[in-house]
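Me: I would like to go through this structure and ask what stands behind the words used for it.

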Amino acid sequence: MTPTEVNHPLVKHKIGLLRAADISTKQFRQLAAELGSLLTYEATRDLATEQATIESWSGPVAIEQIQGKKVTIVPILRAGLGMLDGVLELLPSARISVVGIYRDEQTLKPVPYFHKLAADLDQRLALVVDPMLATGGSLIASINLLKQHGATRIKALVLVAAPEGIAALQQAHPDVELYTAAIDRCLNEQGYILPGLGDAGDKLFGTK
Ligand SMILES: O=P(O)(O)OC[C@H]1O[C@H](OP(=O)(O)OP(=O)(O)O)[C@H](O)[C@@H]1O
Ligand SMILES: O=c1cc[nH]c(=O)[nH]1
Ligand SMILES: [Mg+2]
């Protein structure tokens with residue numbers, strides 16, 4: 001898997017705005033959702049379509065529609081919820097599979113605390129969403145869980161990815177495609193991405 005760093009001008013502009021130290025909660029939320037939509041547009045480019053004929057105002061017309069069962073969106077709590085509305089803008093009928101995992105601040109290891117997954121995961125594309133891919137522990141644990149429940153087609157959408165997290169994801173799940181608005185420089189000693197966004201969950205939820 002080679003990560004896709006989406007280089008559309010709107011994505012570049014919006015991720016730049018998201019980095020401002022004095023950004024408001026409202027602006028951060030709005031931009032995270034908008035970037036969620038733009039990454040979804042890229043990540044769904046290869047969805048298979050099928051021909052159908054429907055009745056239009058002028059008679060029967062051939063159309064294309066997306067094949068197969070509805071996509072499931074998988075926000076990783078909490079911060080993944082900040083991208084969810086944007087993803088739903090483009091996939092309004094998607095099923096939602098919620099995964100609760102936080103990263104222990106000392107060990108940086110993922111700690112799972114909740115999940116409620118859509119049915120028939122073996123027949124759906126799963127789009128995992130989380131703004132930050134740092135060590136990769138949270139995303140890898142989420143994908144482990146999805147695979148244990150039958151998922152076979154999985155893509156991950158993150159706003160910012162660290163090279164360390166990308167390498168860990170490639171090692172653990174080479175079949176999972178990654179879409180990101182930015183590949184940043186590195187992690188600091190506390191496991192935060194540089195230059196990064198700071199704590200995305202706190203910024204989205206206004207908890208700092
Ligand atoms: O790649 P990793 O090293 O696992 O780090 C990334 C994870 O850390 C953040 O969540 P956090 O644990 O802060 O939880 P929150 O969403 O509740 O803020 C972020 O939203 C990712 O889920
Ligand atoms: O930089 C980081 C790393 C993990 N979680 C965040 O919210 N930000
Ligand atoms: Mg957090």
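Reply: Start with contact: two residues are in contact if their C-beta atoms, placed from the backbone, lie within 7 Å. This is a predicted model, in which local features need pLDDT of at least 70, side-chain atom pairs count only at pLDDT 80 or more, and totals for chains, interfaces and linings use all residues. Residues are numbered from 1 along each chain as its sequence is written, while chains are lettered from A and ligands numbered from 1 in the order in which they are written.

Me: Which residues are in contact with leucine 133, leaving aside its neighbours within four places in sequence?
Reply: They are Leu139, Val158, Ala161, Ala162, Gly165 and Ile166.

Me: Why does leucine 133 count as buried?
Reply: A residue is buried if 20 or more other C-beta atoms lie within 10 Å of its own, exposed if 12 or fewer, and partly exposed in between. Leucine 133 has 29 C-beta neighbours inside 10 Å, so it counts as buried.

Me: What makes alanine 134 buried?
Reply: Alanine 134 has 26 C-beta neighbours inside 10 Å, and therefore counts as buried. This alanine is in the loop between β9 and α4. Leaving aside neighbours within four places in sequence, alanine 134 is in contact with Ala162, Gly165, Leu187, Gly191, Tyr192 and Ile193.

Me: Which residues are around ligand 2?
Reply: A residue is near a molecule if its C-beta atom, placed from the backbone, lies within 6 Å of it. Those around ligand 2 are Met132, Ala134, Gly191, Tyr192, Ile193, Gly196, Asp199, Ala200 and Gly201.

Me: How does the shell around ligand 2 divide by class?
Reply: Ala, Val, Leu, Ile, Met, Phe, Trp, Tyr, Cys and Pro count as nonpolar, Asp, Glu, Lys and Arg as charged, and the others, Gly among them, as polar. The shell around ligand 2 has 5 nonpolar, 3 polar and 1 charged.

Me: What about the shell around ligand 1, by class?
Reply: That shell has 12 nonpolar, 7 polar and 3 charged residues. Of the 22 residues around ligand 1, Ala79, Ala134, Thr135, Ser138 and Gly201 come nearest. Helix α4 gives the most to this shell, with 3 residues.

Me: How do you know that the span of helix α2 is close to the one expected?
Reply: The expected span is 1.5 Å times one less than the number of residues. Helix α2 (residues 25-43) has 19 residues and reaches 27 Å from its first C-alpha to its last, close to the 27 Å expected.

How values were computed. Helices (H or I, at least four residues) and strands (E, at least two) are DSSP runs, numbered from the N terminus.
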